[in-house]
Amino acid sequence: MSENTSFAFVANLVNINCDLPFKIIEDCYFQKANPIQIEQIKQYLQYSGYFPNYSSYNSYPYEFVYVETINILNHKSFQGQPLEPQDWKYYVINFSGNNSKISDLSLAANLTEVELEFGLQFLYHEGIKHFGIQKKPTHTFHYFHEMNSSLPSTESIYGVTLQDIGSIYQNYQQLDEIKYPDIKKAINKLEELKHLPHNSEFKILGLFTIIEFLITHKSIDTGDSITRQVINKINLLSKRFSKKLDYYQFFGNTPESTLWKKLYAYRSNIAHGGQPDFAKELLVLKDDFTAKKFLKLVVKMLLQHSLIEPQLYTDLREC
């Protein structure tokens with residue numbers, strides 16, 4: 001693709017385990033940023049304030065690697081070592097077409113296990129021979145702030161991850177949004193959660209809201225509780241997911257119904273301003289990080305599947 005192609009900067013720190021460039025959909029390729037793109041990305045980041053702890057002339061997290069060191073007192077620490085320019089971890093998605101394509105692709109990427117964060121979009125305008133920048137300042141700030149406040153984690157990207165994004169995108173494009181408006185609304189609700197700080201407890205409430213919005217109806221009586229609906233319906237739906245919803249990797253051998261009751265106790269605790277007790281009452285959930293990671297995976301798997309069998313979700317909400 002030409003140097004004057006529109007592109008989205010992939011903000012994640014990633015290790016690539018597939019050949020590049022990788023075609024995600026027609027006229028849309030994941031690849032290493034070229035020198036011109038890197039210069040544009042760096043110029044924006046330098047003045048954005050996203051990385052206040054890094055000097056302006058060097059050292060965004062994409063330009064060095066963390067190496068573990070142990071001192072004479074046997075204390076472990078990490079030091080950043082600069083990478084050679086050819087090894088910098090700036091990656092982009094080059095695309096042709098208007099910004100709605102990359103916007104929808106971003107929504108599709110939210111539903112994969114390894115989310116690609118399209119931090120900045122550089123849109124090339126043929127008429128003026130120049131790039132305009134489209135950004136989502138709030139959630140992009142939260143993403144970079146999290147990266148800047150701790151040791152950044154590096155995620156592995158395989159071809160199957162990029163294929164999944166393309167498949168989800170195609171399913172999203174083919175969905176009849178007149179007939180199934182709630183599914184696209186739920187996908188956008190997940191995007192909206194990025195406007196909250198990474199550690200906000202309101203994200204937990206938001207994830208539950210999406211689950212309930214997709215598959216439950218208002219309770220009729222005590223035997224028709226939201227918790228009971230969620231337990232039964234997710235048990236049904238998970239049998240139809242393309243991948244197994246693996247409770248064991250998160251919570252061991254705890255029965256599914258017990259876990260969901262504890263998850264709802266966790267939700268109630270947050271909603272009423274309490275302090276979750278992972279040492280006693282919520283012991284099986286382990287901690288906030290594990291519970292949140294599991295709930296987000298459930299939301300992603302539900303949303304992926306809802307694009308494949310949308311009528312099933314409409315029917316489930318009625319029963």
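Of the 319 residues that make up the protein chain, 47% count as buried, a word that here means under 20% relative accessible area, with exposed meaning over 50% and partly exposed lying in between (1.4 Å probe, protein chains only). The model is a predicted one, in which local features need a pLDDT of at least 70 and side-chain atom pairs count only at pLDDT 80 or more, while totals for chains, interfaces and linings use all residues. Residues are numbered from 1 along each chain as its sequence is written, and side-chain values use heavy atoms, with hydrogens and water left out.

The protein chain contains 11 helices and 10 strands, which are DSSP runs numbered from the N terminus (helices are H or I with at least four residues, strands are E with at least two). Its radius of gyration is 21 Å, close to the 20 Å that the globule rule gives for 319 residues, so the chain is as compact as a globular protein of that length; the radius is taken over C-alpha atoms, and the rule is 2.2 Å times the number of residues to the power 0.38. Taken along the principal axes, the C-alpha atoms fill a box of roughly 60 × 60 × 35 Å. Among the contacts with a separation of 6 or more, 70% are accounted for by residues 24 or more positions apart, where contact means heavy atoms within 4.5 Å. The accessible surface comes to about 16600 Å², and 51% of this belongs to carbon and sulfur atoms, the areas coming from the Shrake-Rupley method with a 1.4 Å probe and, for residues, only the protein chains shown counting as cover.

The structure holds 11 salt bridges, each being a side-chain nitrogen of Lys or Arg within 4 Å of a carboxyl oxygen of Asp or Glu. One of them joins Lys42 to Glu63, with the closest N and O atoms 3.2 Å apart. This pair links distant parts of the chain, since Lys42 is in helix α1 (residues 35-48) and Glu63 in the loop between α1 and β5 (64-70), 21 residues apart. Lys42 is buried at a relative accessible area of 18%, and Glu63 is buried at 3%.

Another salt bridge connects Glu115 with Lys296, their closest N and O atoms being 2.9 Å apart. Glu115 lies in the loop between α2 (99-109) and β8 (118-125) and Lys296 in helix α10 (residues 288-308), so this pair ties together parts that are 181 residues apart in sequence. Glu115 is buried, with a relative accessible area of 16%, whereas Lys296 counts as partly exposed at 27%. Together with Lys300, Glu115 and Lys296 are linked in a network of salt bridges.

A salt bridge also forms between the side chains of Glu212 and Arg267 (3.9 Å, N to O). Glu212 belongs to helix α6 (residues 202-215) and Arg267 to helix α9 (residues 256-271), so the pair ties together parts that are 55 residues apart in sequence. Here Glu212 is buried at 17%, and Arg267 is partly exposed at 25%.

Lys89 sits in the loop between β6 (76-82) and β7 (91-95). Leaving aside neighbours within four places in sequence, Lys89 is in contact with Val14, Asn15, Tyr62 and Leu83.
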